[in-house]
Amino acid sequence: MRKIIFVISLFTTILYADFTEISTALPDICFSNVAWGDYDSDGDLDILMTGETDSSYVSRVYRNDGSNVFTDIEAGLLGLTRGKDAARWGDYDNDGDLDVLICGT
Ligand SMILES: [Ca+2]
Ligand SMILES: [Ca+2]
């Protein structure tokens, strides 16, 4: 019974959370996947993003520079689109650094 009460309480908190929309220079993409990860270990979350712009497929890592500024680090990833839940951070080689896994067309 405790678990059910906790879940209901958490759900209520999420429903009434106060969010503020921010403006960034991130591209408009569709058929996208995004994932947060702190790839540079500076304590803030960076973005891994794949998807489709008006003119190309993209797979990019954006470094969080603070103040809503995200900079494309030009990671050299193959542009992909239409991957379903297919952008992930993980330390696959256990060296302490985040790696990326992306899949798509
Ligand atoms: Ca970071
Ligand atoms: Ca690693």
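Let's start with the core. Seven residues form the largest nonpolar core: Ala35, Tyr39, Leu48, Met49, Val61, Tyr62 and Ala87. β2 and β3 are the elements that each give two or more residues to this core. By nonpolar core I mean a set of buried Ala, Val, Leu, Ile, Met, Phe, Trp, Tyr and Cys residues joined through C-beta atoms within 7 Å. Buried means 20 or more other C-beta atoms within 10 Å of the residue's own; exposed means 12 or fewer; partly exposed is in between, with C-beta atoms placed from the backbone.

A word on the model. It is predicted: local features need pLDDT of at least 70, side-chain atom pairs count only at pLDDT 80 or more, and totals for chains, interfaces and linings use all residues. Residues are numbered from 1 along each chain as its sequence is written, while chains are lettered from A and ligands numbered from 1 in the order in which they are written.

Now the sheet. It is open, has four strands, and runs β1-β2-β3-β4 with antiparallel pairing. The edges are β1 (30–37) and β4 (70–72), each pairing on one side only. Strands here are DSSP runs of E, at least two residues, numbered from the N terminus. Two strands pair if DSSP finds at least two bridges between them. The average twist from one strand to the next is 25 degrees. Those angles run from 0 to 180 degrees between N-to-C directions, with axes as lines fitted to C-alpha atoms.

Look at β1 and β2 (residues 46–52). Six bridges join them, in the antiparallel sense. Asn33 faces Thr50 of β2.

Why do we call Tyr62 buried? Because 21 other C-beta atoms lie within 10 Å. Setting aside residues up to four places away in sequence, Tyr62 touches Leu26, Asp46, Ile47, Met49, Phe70, Thr71 and Asp72. Contact means C-beta atoms, placed from the backbone, within 7 Å. Tyr62 and Met49 are 13 residues apart in sequence, and their C-alpha atoms are 7.9 Å apart. Tyr39, with neighbours within four places left out, contacts Asp46, Val61 and Leu98.

Phe31 is not a glycine, yet its phi is positive, about 50 degrees. Phe31 lies in β1. It is partly exposed, with 15 other C-beta atoms within 10 Å. Asn68 is not a glycine either, and its phi is about 65 degrees, also positive. Where is Asn68 found? In the loop between β3 (57–64) and β4. Asn68 counts as exposed, because it has 11 C-beta neighbours inside 10 Å.

How values were computed:
Two residues are in contact if their C-beta atoms, placed from the backbone, lie within 7 Å.
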